[in-house]
Amino acid sequence: MSKTGSVINKSRIEEIEKICGPKPSSRHSRILFDRGDYRLIRIVNDAFSRGQDFEYTRRQYSGYFHPNGIKEMAETKRLRIAYAMVHLLTSLEIGGMDDRLVALRSLRDEVLDTAEGPMPKNTARILMQIMKEVVRTRDNYRQQLELAHDFRITVSGKPRVVRKQLKRYHLLEMPEEWNQVSFDDHVHDANTKGRKSSTHLIMDAWIKGIRRLRVVHYNYIEPRFATELLEAARIMDIDVRIGIEFSSRFRNKYINLIWVPRGFPDSQAFLCFLEEPAVVRLMNEGRKVSAYQQAYVMELFRAFNHRHLSDLRSEYDVDLKPMDETEFLAFVGIGQKSTLHLGKFIHQKILHALQKKAEQLRTTYCTAGTDERDRIEKWFEEMNRLDLEALVAGYLRPSSNPDIPNPSEPVDDPGVPELLKLSPAELLDRLAALQSGYRITLNLSNVEVEEVLELIYDCDGRISRLELFNLKDWAAGITDHIQAISQLQEAINEQSPIALKRLILEIIQKVAARDLPEKKEQIEKLTAILHDIINLQIMYKSRPLKARLGSDSTGRSRRSHGMGLAVIDTLPRRARKQIRKDIGTGRDIIPIYLHVRKRHTFMARDNVRKAFLDIAETLPFIRWMGYTQKEDWEVLGNAARMTQKGNVITLGGTEKVITNDLYLEPPVSRDEKKGIPWTYVNSHLKNLLKVIIGFIPAFTTFVLTKDWWLLAYFGAFIWFGITGIRNVLQSVLGGGGFRRSPLLRWNAFVNWDRTADSLLYTGFSVPLLDYLVKTVILDRMFDITTATQPVLLFSVMALANGIYLSSHNAFRGLPKSAIFGNFFRTILSIPIAVLLNYSAGSIMTAYGVEAATSVLQKWAAIISKTASDIMAGIIEGTADRYANVRMRFREYRKKLSDLMDIYAQIELLFPETNTLELLGHPQKFREKANAEAQDMEKIICIHALDALYFWMYQPRARSAINQLMNSISEEERHIWVTSQSTLLRQKEISQMFINGVLGPDFARALSFYLSRYPEYLEEMKRFV
């Protein structure tokens, strides 16, 4: 046998052993992951095991507890986020609507209101995304651990970590001002043909960064579905519109018109509109249309079982049993049955059968002969590349089922619902009678430019929007007709009769060129429109014909882009850079250009004199002192056009290469890969390694460059001690200093991750400052020392240190304010360094130390470092203090606002009684209060418990409450103090804890309340 053949056979044997041999056991190294990661996994899986068993009392009042309040004593933040996400993703049944909304509100409060770091909104987005993945990967413990670790390190809000995770999950960074132009004007939820519940859809839209959404329903909408959608959008602050798509008969086909009722002051008014008798009748007729269309789906279902299933079995040799109708209906759930549902259902069944056969072939492969192995390998290769979506779609096409009447083709039959018999003008007459402030969008999927011209003319300008771009159609290549329609829209909006006439003549010539007898009537109609151009222009003179862009996303196909579009110009610089990298790998720039312009709004600050405001208005460099500035983007209403160079990016992506994950050799799991991933190293070990890595260059520099033993062997320890002590003191002083709560130890304020990062980077500054700058450049090259030019020495060292600090801050992704702040604090440290140098020299001279200047030269870098850290401690400690006070002030302000709302409701319940006096006498209140008033009393107690926790545990809470009390009216201050007195109701509050208002682990919180409320109420008395 030849040497080459021997190598091939050896390679073949190794491959077979890899497939058929024993698999390595799964082992988790002690150096990977944290104990908190394992706890988080247990939390998620425990939440799943509980299913829908959520305590009623806890769910009823959970929304009133602040995420940073007393609930921290009963459940960790990670546990609360896990429960909320699990509940949100598992409660898809109709009866779970209220639970989903409670879960979404809780999730938003936990991840957004408590997000840390300079990128709170982006941090919240990625935390929600990671937790979704943790919930979905319950069958892969190792992957769950990795995700749990990702979640825990991302909670810190470090920009570099957040951006890394955003990139990993293909999410674009959004501006923290949340002013991006991002939208989707055509999406579906689970109530039609989508995959996600309304609440889940809104959550995913917010994660993607979408600010405006239009959810389309077919033929009708249930009020309960509208309720969930509108409330979820309100919670996440998304501008949502509900559209109802109707089919209307036009020239031997159905065209689709989307009706969007508008002009309601709030969501409640819209829900009342849906209950009006005329609207209810329309919705009932729409249900008949849906039933008519869904009957076709069930006919296709039966036809597949009877006609196509046997062909599929024989062609692909799979054991595929007939589809069960009950199972299919359960798969559809609360949605409207569609060919999309049926296609996905059959797709899953075929894939399951292929996976089952794949397992059998893997077993057979180990004992098979050479020819049989070749056949099995070929099967895996072909089946993995098999396009199942296209295969199933071919079976469900009308041409493959000619005996089943297609409801998308108009027929004159008594069984056709009346609503489908209406012309577009008749349908719009019907809708106009219901409400005046509506918008009509024409779906352009199956209409040509001449038909669009006819429709907008026949409907007297009531078609106010054109769905100029449908992402699903674009991905399928059905967009050739859109360019001409875009030109028609531009011509109408320009109000130029010359341009419009020229365009209509071109349309007539194009239709006439087809030379079809059935087009004669259409040409006559277009000619009549040509002679009535003035009237056509008047229709859109006051309200331009606008464009709408949508994805038509259902979340069910890997071929289609997910929901979401954004104008590139309105995204941050890093996001624009990422877009350039992503083009061609799933994310695409669509051929639409939207004109946008940035808008700056200045609002006068409170308590600023008018004279100063006038000066600030004329002098831009001091305008910030008198005005707050808000930046947003304005979209020019009629400025969308189709062009080759668009500026709209898809927020979702597609898979360019789609496989069925059928492999002869199962993919290697992550824990079987070689090497130790740095990302998942235990946090304590990672921090220790950071310190060691930073310590090595510092210690080496001192040992190799110093001849004095103290600096040679202890210089690095001194250097690190300065940085460590500065970080600790800065954190403690920022959190309250010596006036902090007695319940908080000093180390509760210290961020050890930040301290480790600081020590890592400060270690590399030693060779830079002490050796390169001080010794090589200044001393040897320019003879600049503490003896010759001390001011210049410390100035240059400070400048070099500032450049180094700014560089590694930029590398870590910190905001510009931190980068520039760290640069200038080194400049401000120059006088301090000179003063320290002078003081040390004076002391040594006074004690008769010889060659004091030589000693100072050796210590120059440490002196410069000390001065820089003193300034850093002052600046960053002040910044930490300000950040803590601001956060506490915001929390107290929110609590006061909630209390004022509750008091207003109680005032309305007892119009003839002094509410404050009534609440001050518990016995009298219980005698008068009904069940609603008693609930409000419990809510006031919850707010008081949170305020107690703030006071005792949250950094700078006492400073914040002092500021709040000094800034509000006497009445508001009196209401605040009175509300805190509800803590005296020891029996009632204790019973609330026992009833599960905080869940089962309430003992610590109850003990804290009982032991601490007396001293807290004494402190509150000084605000009376």
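Is Asn 252 buried or exposed? Asn 252 is exposed, at a relative accessible area of 70%. Exposed means over 50%, buried under 20%, partly exposed in between, with a 1.4 Å probe and protein chains only.

Quick ground rules. This is a predicted model, where local features need pLDDT of at least 70, side-chain atom pairs count only at pLDDT 80 or more, and totals for chains, interfaces and linings use all residues. Residues are numbered from 1 along each chain as its sequence is written, and side-chain values use heavy atoms, with hydrogens and water left out.

Back to backbone angles. Most residues other than glycine have a negative phi. Asn 252 is not a glycine, yet its phi is positive, about 60°. Asn 252 sits in the loop between β3 (239–250) and β4 (253–261). Helices (H or I, at least four residues) and strands (E, at least two) are DSSP runs, numbered from the N terminus.

Next, Asp 317. Its phi is also positive, about 50°, and it is no glycine. Asp 317 lies in the loop between α12 (277–316) and α13 (325–332). Asp 317 is exposed, with a relative accessible area of 53%.

Now a helix pair. The axes of α21 (residues 497–513) and α22 (residues 520–530) come within 10 Å and cross at roughly 170°. That makes α21 roughly antiparallel to α22, a label for angles over 145 degrees. Axes are lines fitted to C-alpha atoms over the stretch in contact, and angles run from 0 to 180 degrees between N-to-C directions.

Who touches whom? Contact means heavy atoms within 4.5 Å. On α21, the residues include Ile 504, Ile 508 and Val 511; on α22, they include Ile 523, Leu 526 and Leu 530.

Methods. Parallel < 35°, antiparallel > 145°, perpendicular 65-115°, else oblique.
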